[in-house]
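Please look over the notes below with the structure open beside them.

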Amino acid sequence: MLAAMGALGLVPSSQSTTYTAPQPGDFTLTGRSPKRVVILGAGIAGLAAAYELLKAGYDVTILEAAKKVGGRNLTIRGGDEITEIGGATQRAAFREGTYFNAGPARIAQWMLTMDYCRELGVPLEIFVNSNADAYVHTSGKSIRLRTARADTQGHLSELLAKAANQGALDADLTADDKTNLLDLLREFGQLGEQLTYEGGERRADPGAIPSVGEVLGYRIPYALTWDLAHDQAMPMFQPVGGMDRIVDALVANVGRHRIRTGTPATKITDTGREVVVEHRNGAVRADYCVATLPPHILARVPSSLPQEVVFRLGGGFLFAGGKLGLEYGRRWWELDEKIYGGTSETDLDIGRIWYPSHGFHERRGLLVGYYNLADQAAAYDALSPAARLERALRAGEQVHGPRYRKDLLSSVSMSWANRPHVEAMMNVGLQNVVEQTHGRIYLAGDWLTGLVAWQAGAFESARKAVLSIHERALKEN
Ligand SMILES: Cc1cc2nc3c(=O)[nH]c(=O)nc-3n(C[C@H](O)[C@H](O)[C@H](O)COP(=O)(O)OP(=O)(O)OC[C@H]3O[C@@H](n4cnc5c(N)ncnc54)[C@H](O)[C@@H]3O)c2cc1C
């Protein structure tokens, strides 16, 4: 669905950089005083809204339902406990230094997230998103990506060259076009003198070249093209030490004392003069509220939002999403298979296997044993953590053979549909359906933007809410 939205131009490939943060002088120079803002949710949108408002001295309080801040930005380390909505509990047994980005893991270079990492001083390193020496696993076979690409491009080029030479494209091409096309295909498909595909140095495997029929039978074209997408193309980046370094930096700037964890908002009332947010220990009164709760959860919290808005908030399309962190005592993918980072795309229900982009040649390392969505994720969500692990290991063995089970030290599986206070990996379809501003209540979150399931969307929506509040606060004082 997101790919289709991208093809239609509905998913942005750049973000606006024209943003002037609120300044303390905006108030002091005009004799006005900063207002009170209550923020619901300490995910990226909530923390970013607080961070931006504090630049102008707003009086900010954040209520967060979970015990931990960060929302979907979740990095799991040894000792962390994960309890799911159904009650299943896992305690991560990862060794010192191992971490698992159970939510976001990569950042594209054009995303606002990069600007925040720079501003907050979060060190970055390359995230190897695509690796030509990783595999395409299809119909029981693991083929190096470079080989699958070379063979597919080669055979398609040969077919097109034949069609052109047999006159099948004469209605579309001039004689010059035809010459240019054949030159292009020679290079694009590494065709020989006779415009036939006979392999070449782009392939990683010395074995026999598959027939055109075999190549067309791979049937996972996505595996050959996904890393060309605007949000997947290299170079991509990750914070050194874990994605939650961004959360840590935001919290350090906002101040822990402004964040009340384990405090879900239970009622939100806009009285016209202020907003009253009730929680189990009392209420917070503020001039404005920024609600960054997932929309499907906000729809269930009693509030003064118009009924039609509540109805729309509950109408998004929820995607399940799952990830499995596998910690190994030996980096066999580097030592035995020469894979340093990147992804093996598969036609199995694990979706893909991710190899780590850091710690090369260290003794231990953590693979992502599945990263799947929708029905595939739901199938794993329904299992116990032990059964998820077993199912994923069986699938991984098909890609890597028996070594996939050897040297495994520990694992943690993450089910986003079963994550309390989040309940989905993403909520799609509400952009342009729900307005951001409702009286004194402002909504924010990735789901309000064209960048659903990207932190960049959460940052963008937070900035928009902050600018709207600030403009109004300067008028209302
Ligand atoms: C598996 C996965 C992979 C991803 N991959 C990437 C990636 O590679 N790169 C990237 O940039 N992004 C990625 N994302 C998306 C990214 O995590 C999100 O876009 C971003 O974290 C959303 O931030 P948010 O603040 O909008 O929402 P959330 O993080 O969902 O925050 C909402 C907060 O509201 C809190 N809350 C809920 N109910 C209440 C209540 N009643 N009162 C108070 N608080 C409440 C929740 O506990 C939560 O902390 C991924 C996400 C997932 C799940």
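1. **Basis.** This is a predicted model, in which local features need pLDDT of at least 70, side-chain atom pairs count only at pLDDT 80 or more, and totals for chains, interfaces and linings use all residues. Residues are numbered from 1 along each chain as its sequence is written, and side-chain values use heavy atoms, with hydrogens and water left out.

2. **Domains.** The protein chain is assigned domain 1 (29-70 + 245-316 + 429-476), domain 2 (75-133 + 234-242 + 318-418) and domain 3 (146-218). These bounds come from an automatic or database domain assignment. The C-alpha centres of domain 1 and domain 3 are 54 Å apart.

3. **Ligand shell.** The ligand has 32 residues around it, and Ala45, Glu64, Arg72, Arg106 and Asp446 come nearest. A residue is counted if one of its heavy atoms lies within 4 Å of the molecule. Domain 1 and domain 2 each supply at least three residues of the shell. By class, the shell holds 18 nonpolar, 10 polar and four charged residues. Here Ala, Val, Leu, Ile, Met, Phe, Trp, Tyr, Cys and Pro count as nonpolar, Asp, Glu, Lys and Arg as charged, and the others, Gly among them, as polar.

4. **Polar contacts.** Which atoms pair with the ligand? A polar contact is a pair of N or O atoms within 3.5 Å; within protein, one must be able to donate a hydrogen and the other to accept it, and residues adjacent in sequence count only if both atoms are side-chain atoms. A nitrogen atom of the ligand lies 2.7 Å from a backbone N or O atom of Arg106. The side chain of Asp446 has an N or O atom 2.8 Å from an oxygen atom of the ligand. A polar backbone atom of Gln455 is 2.9 Å from an oxygen atom of the ligand.

5. **Cover.** On its own the ligand has 1,000 Å² of accessible area, and the protein covers 98% of that. Accessible areas come from the Shrake-Rupley method with a 1.4 Å probe; for residues, only the protein chains shown count as cover. Helix 3 (44-54) and helix 15 (455-476) are the elements that give two or more residues to the shell. Helices (H or I, at least four residues) and strands (E, at least two) are DSSP runs, numbered from the N terminus.

6. On a 1 Å grid over the protein atoms alone, a cavity is a set of points where a 1.4 Å probe fits but cannot get out, and a pocket is an open set with protein on both sides within 12 Å along at least five of seven lines; lining residues have an atom within 4 Å of a point. Grid points are joined across faces, edges and corners, and a volume is the space filled by probe spheres set on the points. There are two cavities of 30 Å³ or more. Strand 6 gives the largest share, three residues.

7. **Second largest cavity.** Its volume is about 60 Å³. The lining includes Arg72 and Asp446, two residues also among those nearest the ligand.

8. **Second largest pocket.** This pocket has about 230 Å³ of space. Thr152, Leu156, Pro221, Leu224 and Thr225 are the closest to its centre, out of 14 lining residues. Helix 5 gives the most, four residues.
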